[in-house]
Amino acid sequence: MEEWVGQQWHRWVVKHTATGHAESSVELADIRHTLTALLASFAGSKQLTIQTAWPIRFPHAAQRWQFLTGHVRHSLAWLSSDTLYLPAQVNYFADAQQNRDLYFWWVALAAHWSSADVSWYQKNANAMQSVLNHLPGLKQRWPALLAALLAQRPMLSLLNPIDAQHEQRVQKILTTPTFHALENTAEVLPIAQRFVLPVPLWLYPSPVADEPAAVINETDPMESTPNSEEKKTIQGKKSARRVTESDDKHGLLLFRLENLFTVADWLNVQRPEEDDDDSSNDAAHELDQISLSRQPSKTAAKVRFDLDLPAQAVDDLALSDGILLPEWHYKREQYLQDHCCLVPMLSREATEQGVPEHLHGIVRDVRRQFKQWRSEPIRRKRQLDGNDIDIQTWLDLSTEQSHDSVWPVYTDRPRIRASRSTLLLADVSQSTESYVNNRPIIEGIKDALVVFCEGLNVIHEPFSLYAFSSIRRRQVRFHLLKNPNEPWSDTTRGRVLALKPGYYTRIGAAIRQSTKILLDQAQQQKWLLILTDGKPNDVDHYEHRYGIEDTRKAILEAREKGIQVFAITLDPDADEYAPHLFGAEHFHLVTKNENIVDLLPRLFRQLSQN
Amino acid sequence: MKFQSQAVAKPYFVFALLLFALQIVFGLIVGLQYVIGDFLFPYIPFNAARMVHTNLLIVWLLFGFMGAAYYLIPEESDVELYSTKLANILFWVFAAAGVLTVAGYLLVPYAKLAAFTKNEWFPTMGREFLEQPTIAKVGIVVVCLGFLFNVGMTVLKGRKTVINMILMTGLIGLAVMFLFSFYNPSNLALDKYFWWWVVHLWVEGVWELIMGSILAFVLIKTTGVDREVIEKWLYVIVAMALITGIIGTGHHYFWIGPKPYWLWLGSFFSALEPIPFFMMTVFAFNMVFKRRREHPNKAALLWAMGTGVMAFLGAGVWGFLHTLAPVNYLTHGSQITAAHGHMAFYGAYAMINLTIISYAMPIIRGQGEAAPARAQVVEMWGFWLMTVSMVFITLFLTGAGILQVWLQRLPDSGDALSFMETMDQLVIFFWLRELAGVAFLLGLICYFASFFVGEKTQTIATVDVR
Amino acid sequence: MAEVFTKTAARNIYIGGSVFFVLFFLGLTFETTRSLPQRDHRENLTEAVAHGKMIWEENNCIGCHTLMGEGAYFAPELANVFDRRGLANEEAFKAYLQGWMAAQPLGVPGRRAMPQFNLTVQEVNDLADFLIWTSRIEDNNWPPNIEG
């Protein structure tokens with residue numbers, strides 16, 4: 001409900017705060033060929049192509065009524081290492097000639113752009129200087145353009161002191177591009193909280209990844225590449241922090257456009273390969289659509305009238321509207337299609353974390369164990385032929401009444417280790433808040449996961465990590481901790497350590513999604529390890545027999561598709577249902593005396609042996 | 001503390017305890033006036049002292065509930081409180097309103113207070129527990145609305161757990177029921193009918209929801225038991241509370257005008273009212289015995305279990321003793337009522353507030369999960385002294401009540417003693433009650449002292465280095 | 001895997017039960033308020049009676065006395081004081097009350113004391129009318145005897 005209100009407000013605000021001279025606008029399409037030619041001639045050896053940029057939101061210091069005009073989009077030009085992105089339309093000035101000049105300026109600046117390691121302000125200043133020196137035609141029309149640009153700058157009196165200083169610096173550079181502001185003066189600008197009003201003339205860094213990122217498949221948002229994952233800076237705090245640290249010499253906030261995108265935009269609009277008009281328009285349209293319908297942080301509500309979920313502004317980030325999954329109804333003996341909505345989520349609060357202090361010792365041990373284990377040759381037992389005798393099997397068969405003529409009593413050492421991909425699915429339902437051995441269960445699970453992943457990581461074992469909890473069938477929350485292709489890093493460790501107790505336990509849907517992910521992996525062996533602390537149960541009918549049967553069905557489906565499923569359960573009553581669910585040999589009940597942190601790596605090695 | 005904003009609970013708790021202390025002082029005054037009839041007359045006549053005693057009770061309990069809500073709702077919802085500023089402002093407004101009201105009761109005769117506060121424009125004064133001037137009542141409503149807005153926005157922003165949803169329901173119910181205090185028809189029967197909507201539907205209705213959710217919160221935190229188990233219990237308890245308590249209101253409608261069918265309905269449903277209190281006791285004991293962690297705050301656990309027991313005894317058992325219409329016919333408006341009232345209020349609502357304070361204060365004060373062991377021992381002494389004293393107060397008043405019924409109510413007209421004559425015969429009980437009241441005060445002092453008991457200090461030997 | 005009492009079931013009982021009994025109570029209230037005028041002899045609720053209730057409230061009589069068994073237990077029950085002191089004679093009761101109110105406080109040492117409220121003759125009469133009306137409310141024959 002409140003999202004609808006938010007959208008109406010958004011549309012109204014955008015209509016009323018749009019600034020721009022529509023009547024004197026200039027289209028990129030009209031002069032594209034001219035510009036391409038100019039770029040080629042100016043740039044010389046540099047290979048630059050022109051592509052269309054889309055308008056972006058740019059919260060800046062000069063906004064009055066920030067909450068209103070935060071939605072205004074700016075058409076800016078960007079430059080990446082090999083591409084110049086130009087807006088489809090420019091209408092900054094009342095004079096159409098000046099709008100056109102802006103295009104020429106951009107092309108010229110791009111051609112004269114230096115790759116020296118100086119601040120972005122300086123780069124623009126140098127490029128402007130260079131253009132004014134080499135292109136008298138532009139220099140002639142420069143004063144008028146400068147006047148128009150300065151007319152648009154905000155009044156210094158309206159800004160707070162720090163923003164005013166930055167603004168002053170910008171204006172100074174505009175008026176005197178020879179102003180070698182930064183390296184040669186002892187003056188350091190204080191760190192500003194927001195960017196200055198965008199300067200239409202200048203070239204901004206490109207927000208688009210230089211490496212082509214795979215278009216995200218809607219049905220499987222888990223399959224994103226590492227690059228796009230890293231660029232997904234949801235809050236912007238992370239990259240801003242990194243940036244200011246590296247630029248403390250100047251005290252300027254170096255500019256990273258990624259700060260401004262929401263995840264939704266990012267996932268859906270990454271199309272760096274396109275360079276024809278139609279698709280660029282599509283991109284712009286797409287962005288508008290996406291911003292209106294799928295922005296979790298702008299139009300989304302600060303409160304939510306749902307009886308279970310926190311407000312979107314506070315909740316973890318949903319990465320898509322949801323994947324519909326079936327559920328098995330044991331009485332009707334059929335699937336209920338599209339019955340559950342699984343929502344992949346990313347923690348909002350996760351920060352990058354190193355290995356926690358209290359785990360240093362165990363991690364070291366586990367890493368050593370795994371390395372040692374990996375360096376051991378694999379021995380396959382019960383073989384019909386081999387180099388050594390498998391004494392244990394021989395003893396077993398001797399004591400049995402075996403009528404086989406041939407006894408498989410050899411061990412063999414195959415050279416090739418079968419490739420394997422493991423997916424660990426952790427149950428973080430609200431019962432993990434309760435205590436065991438004087439600690440909340442969730443803490444034990446997090447420790448176990450971190451230690452286990454450290455071990456797997458050191459032997460380069462491919463694995464992926466997810467956690468889940470559910471609120472009825474309308475939201476099975478599937479927390480992305482580590483994708484199969486993602487490296488294990490501080491980021492992924494941070495996500496694991498940010499896990500919190502969730503809601504209920506609709507295991508069936510989570511298993512089905514995990515199956516899908518595993519099936520997409522290229523490795524020969526696929527393992528699904530489930531870490532749970534209770535029975536399948538949810539607030540609605542998903543309880544007792546129904547829940548158990550659906551979970552069992554999901555496990556059977558996984559097995560049919562060649563995935564091996566093993567469960568580690570913390571529920572002391574698991575003996576009642578776990579054999580039926582997982583199979584007598586395929587689960588382990590963690591007893592009071594066992595510590596799951598030690599147990600997980602050990603179990604993994606044991607499983608590999610069989 | 002999980003969230004900084006939980007600290008706004010501190011002033012509420014502190015002020016609640018101060019008002020509690022003052023309430024007991026005035027309790028001793030009225031207790032003495034029972035036996036020395038003109039004690040402090042005409043400066044503080046009995047009705048003034050009693051008004052202060054009862055109003056302070058209600059207000060300190062409300063401060064306690066608000067503090068409890070400010071503490072536990074951010075933690076349950078997993079977000080910061082919506083506005084700590086608003087919480088602080090409301091604290092001062094409520095405190096000022098309370099202080100002014102009590103001052104008004106003590107400094108001027110009630111009729112003058114009524115005239116001064118222009119009661120005639122919108123008369124709501126002069127009913128038991130609702131003696132506040134109309135303007136003060138308006139102030140209370142404003143504070144409640146602000147409070148509900150603050151915690152409501154917090155819950156909407158964050159997670160909606162069973163505990164905070166039931167707490168919100170209880171608090172909203174509290175505010176809504178209070179609005180009936182503004183309805184004061186000139187028809188006494190109607191007046192009384194709706195007066196009970198404030199009083200009964202508070203203490204035998206929505207306040208039970210508040211009590212249940214606070215108890216559940218403290219138990220989850222101190223025992224580490226699976227939340228789902230506790231939440232299921234909570235649903236059952238509050239279900240029983242409302243199912244029995246709503247029609248149970250009828251046990252106040254026996255003798256004030258409504259038709260006789262209320263005698264049946266009221267008796268039947270109110271006889272079942274002990275059930276939720278019984279369940280709370282079993283619930284508390286069960287959880288503590290099945291606990292999965294040894295929480296250092298033993299005092300809080302003691303308070304939690306004690307609340308269950310005393311609430312069941314005071315509200316459940318003593319209530320049941322005189323709830324059936326045939327019995328009530330004889331005991332209505334006697335010392336039995338007073339006996340039940342004291343133990344019920346103390347056992348259910350005073351103790352649940354002391355429970356949450358015992359749990360939360362060490363955390364808010366930065367002492368960690370619990371006060372130092374020595375402090376807890378002193379606190380537990382306070383618990384036992386107060387609780388046992390209250391049991392004795394109740395027993396003595398029950399004795400008085402039984403004798404009163406025997407002398408004043410049972411005999412036919414002509415053979416029965418008059419009220420005043422009966423009171424003379426009950427003097428011994430009232431003296432004993434006063435003595436138990438003094439013991440209660442000692443327990444309270446002990447309880448307050450526990451806040452100032454620190455860690456075992458180490459003596460540092462000073463070495464004279466020359 | 002026995003079907004035990006689930007949380008969903010508990011929640012439903014809570015919500016369903018509460019709603020049902022709230023509605024039932026509202027229905028009973030409607031019935032009661034409809035039938036009350038007969039029982040309390042609404043027709044006799046004169047200006048004087050209403051004014052008398054106002055005086056009763058503004059002087060906080062309930063702070064010491066009980067009225068229909070509700071109030072403080074310091075001083076006698078007054079719903080039937082009309083019967084007890086007026087012997088069901090309105091004039092007699094009014095005269096009694098004038099004298100009684102004027103005489104307070106009685107000044108007996110140690111006896112529970114009643115303040116002087118400085119009421120006018122009219123006010124005392126209205127108070128008397130209020131108490132008379134109250135005594136006539138049909139309240140299932142409470143109190144058990146004349147002492148209240």
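The dialogue below takes up the chains, then single residues.

Author: Please note that this is a predicted model, in which local features need pLDDT of at least 70 and side-chain atom pairs count only at pLDDT 80 or more, while totals for chains, interfaces and linings use all residues. Residues are numbered from 1 along each chain as its sequence is written, chains are lettered from A and ligands numbered from 1 in the order in which they are written, and side-chain values use heavy atoms, with hydrogens and water left out.

Reader: How many helices and strands does chain B have?

Author: Helices (H or I, at least four residues) and strands (E, at least two) are DSSP runs, numbered from the N terminus. Chain B has 16 helices and zero strands.

Reader: What does the radius of gyration tell us about chain B?

Author: The radius is taken over C-alpha atoms, and the globule rule is 2.2 Å times the number of residues to the power 0.38. For 466 residues a compact globule would have a value near 23 Å, and chain B agrees, with 23 Å. Along its principal axes, the C-alpha trace of chain B spans about 90 × 60 × 50 Å.

Reader: What percentage of the residues of chain B count as buried?

Author: Buried means under 20% relative accessible area, exposed over 50%, and partly exposed in between (1.4 Å probe, protein chains only). In chain B, 67% of the 466 residues count as buried.

Reader: Where does B:T394 lie, and is this residue buried or exposed?

Author: B:T394 lies in helix α14 of chain B, which covers residues 373–409. B:T394 has a relative accessible area of 0% and is therefore buried. Contact means heavy atoms within 4.5 Å. Setting aside neighbours within four places in sequence, B:T394 is in contact with B:W318, B:A339 and B:M343.

Reader: Which residues does B:L219 touch?

Author: B:L219 is found in helix α7 (residues 188–223) of chain B, and B:L219 is buried, with a relative accessible area of 0%. Not counting residues up to four places away in sequence, B:L219 touches several residues, among them B:G224, B:F283, B:M287 and B:A304. B:L219 and B:Y359 are 140 residues apart in sequence, and their C-alpha atoms are 9.9 Å apart in space.

Reader: What does the domain assignment give for chain C?

Author: Domain bounds come from an automatic or database domain assignment. For chain C, the assignment gives domain 1 (1–40) and domain 2 (46–148). The C-alpha centres of these two domains of chain C lie 38 Å apart.
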